[in-house]
Amino acid sequence: MSAAEKYDVLVLGGGTAGKLVAWTMAKEGRRTAVVDRKYIGGACPNVACLPSKNVIHSAKVASLVGRHREFGIETGPISIDMAGVYTRKREMVEGIIQVHLDIYRAALDQHRGDELIFGDGTFVAPRTLHVSLRDGSERTLTADRVFLNLGTHAAIPDLPGLREAKPMTHIEALDLQRRPEHLIVLGGGYVGLELSQALRRLGSRVTLIERSSQVASNEDADVSQAILQLFRDEGIDVLLGSQILGVTGLSGGQVSLLVQNGNSTRTVEGTDILVATGRTPNTTGIGLEKAGIEVTEKGHIRVNDRLETTAANVWAMGECAGSPYFTHVSEDDFTIIHENLNGGHRSTRDRLVPYCVFIDPELARVGLSESQAREKGVAYRVASVPYDAAWRAWTISERRGFMKTLIDAHSQRILGFTGFGPEAGELMGTVQLAMLAGVPYTILRDAMFAHPTMTEGLKALFMAVPQRLEKDAEQVQHARTSAD
């Protein structure tokens, strides 16, 4: 083994939090090394968030073109060029990678000895990493501070014949330059939902298979039912409460899945399989135990609420630390660590984490859902209005969906917001700011929003909140039923 090269900061994994640590620490004058396997900037700009939204928007345009007569537009025959969809996505990714490289050069190159290193890193001792480089050479690096941003990878369920069928994950699906004739999607979470709808709109026949009794299983039943109806209206075959018993064939050619639903079984045949059944932390086989870094039963790195690991001067961030699997959370992880290193007292406890599923229309939520409030025993009032309570939805012919809010039963505090409709993610941001500020819901109820905007719909929503209830949870539930 080569002699260890000493750095002030060593970052393993250059995803969102990792790159922010590297850029910031280098600019602060600390000799910094970043070790990453492949993707400049991490999965988000390369194979996840941004490219998927790029393809989803192409599918949105295809949907609008297909509705051309609804908007008074006549056109000739149209067709989907999947190679063109791929090219647009690739050009965007290449542009974003260049932006990242420019920032790396500005941050790392201004201090002699700072580096971006491509290779596979394995711990051989506390805060000491052995790196197998792409060119076959090796290096050993050590540092005073180590930051881990290892990410996750798509999990392939241990089902008979599934691995042998060589299914796609989101990575391969986003690189398609052909249109699958019949895509079978395993999993009704946000990845499965987004790509199912996108590829259906791009011309594929799609069957979605979900083990639980509803898609988007973490959401309230009314939200899941609305998504289910959307998918069925768009011609997506959704099989709920279904378990796969076995798979034969090869994805990309011909596949056959034996599916059980209750006491009956059926065979689903298609051309391609996309697995979207969850993710696994990238924490195995990299010598964490030699560095004194413990992992949890689920494979995440064990951290406290300051994201400190069980090893001194080692922090973990993002998905590998068990943080919610969103890029904006990884960025907040970095902020917590950096502020604490500079005398702050930030914590991961009680963070208000928003998220958005980029189906069309969007699903966005922040704070508590009704099911979560009931599980926690939180008494609440609820208001729900159709999305077309805002006239803007009428002007763009996008009237599907609804928005819902939970208000504390005994105060004016906003507990949560769910939007299923166009621009729901943007509406959510407005409610989130109100929640962070701790202002009463009446601020949004009484605000004057520009007309006609989607935000104007928030006024209708908060005007629908039942009057304050002073008694027991039974009255709260009665008010909820009456509002429905």
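Helix α6 gives the most to the lining of the second largest pocket, with four residues; helices (H or I, at least four residues) and strands (E, at least two) are DSSP runs numbered from the N terminus. The model is predicted, so that local features need pLDDT of at least 70 and side-chain atom pairs count only at pLDDT 80 or more, while totals for chains, interfaces and linings use all residues. Residues are numbered from 1 along each chain as its sequence is written, and side-chain values use heavy atoms, with hydrogens and water left out.

The second largest pocket holds about 1100 Å³ of space. Of its 43 lining residues, Gly188, Gly189, Tyr190, Ser217 and Asn218 are the closest to its centre. Two or more lining residues come from each of α6, β10 (242–250), β16 (355–357), β17 (362–367) and α9 (370–376). The lining comprises 22 nonpolar, 15 polar and six charged residues (Ala, Val, Leu, Ile, Met, Phe, Trp, Tyr, Cys and Pro count as nonpolar, Asp, Glu, Lys and Arg as charged, and the others, Gly among them, as polar). Pockets and cavities were located on a 1 Å grid over the protein atoms alone: a cavity is a set of points where a 1.4 Å probe fits but cannot get out, a pocket is an open set with protein on both sides within 12 Å along at least five of seven lines, and lining residues have an atom within 4 Å of a point. Grid points are joined across faces, edges and corners, and a volume is the space filled by probe spheres set on the points.

The largest pocket contains about 1400 Å³ of space. Among the 49 residues that line the largest pocket, Ala43, Cys44, Ala48, Arg279 and Glu319 are the closest to its centre. Its lining divides into 22 nonpolar, 20 polar and seven charged residues.

Two cavities of 30 Å³ or more are present. The largest cavity has a volume of about 50 Å³, and its lining consists of nine nonpolar residues, with no polar and no charged ones. Helix α4 (residues 82–108) gives the most to this lining, with three residues. The second largest cavity holds about 40 Å³ and is lined by Ile56, Ala59, Lys60, Glu194, Gln197, Ala198, Arg201 and Asp360. Here α6 supplies the largest share, four residues, and the lining has three nonpolar, one polar and four charged residues.

Asp272 is found in strand β13 (residues 272–275). The side chains of Asp272 and Arg178 are joined by a polar contact of 2.5 Å.

Terms used
Polar contact = N/O pair within 3.5 Å; in protein donor to acceptor, adjacent residues only side chain to side chain.
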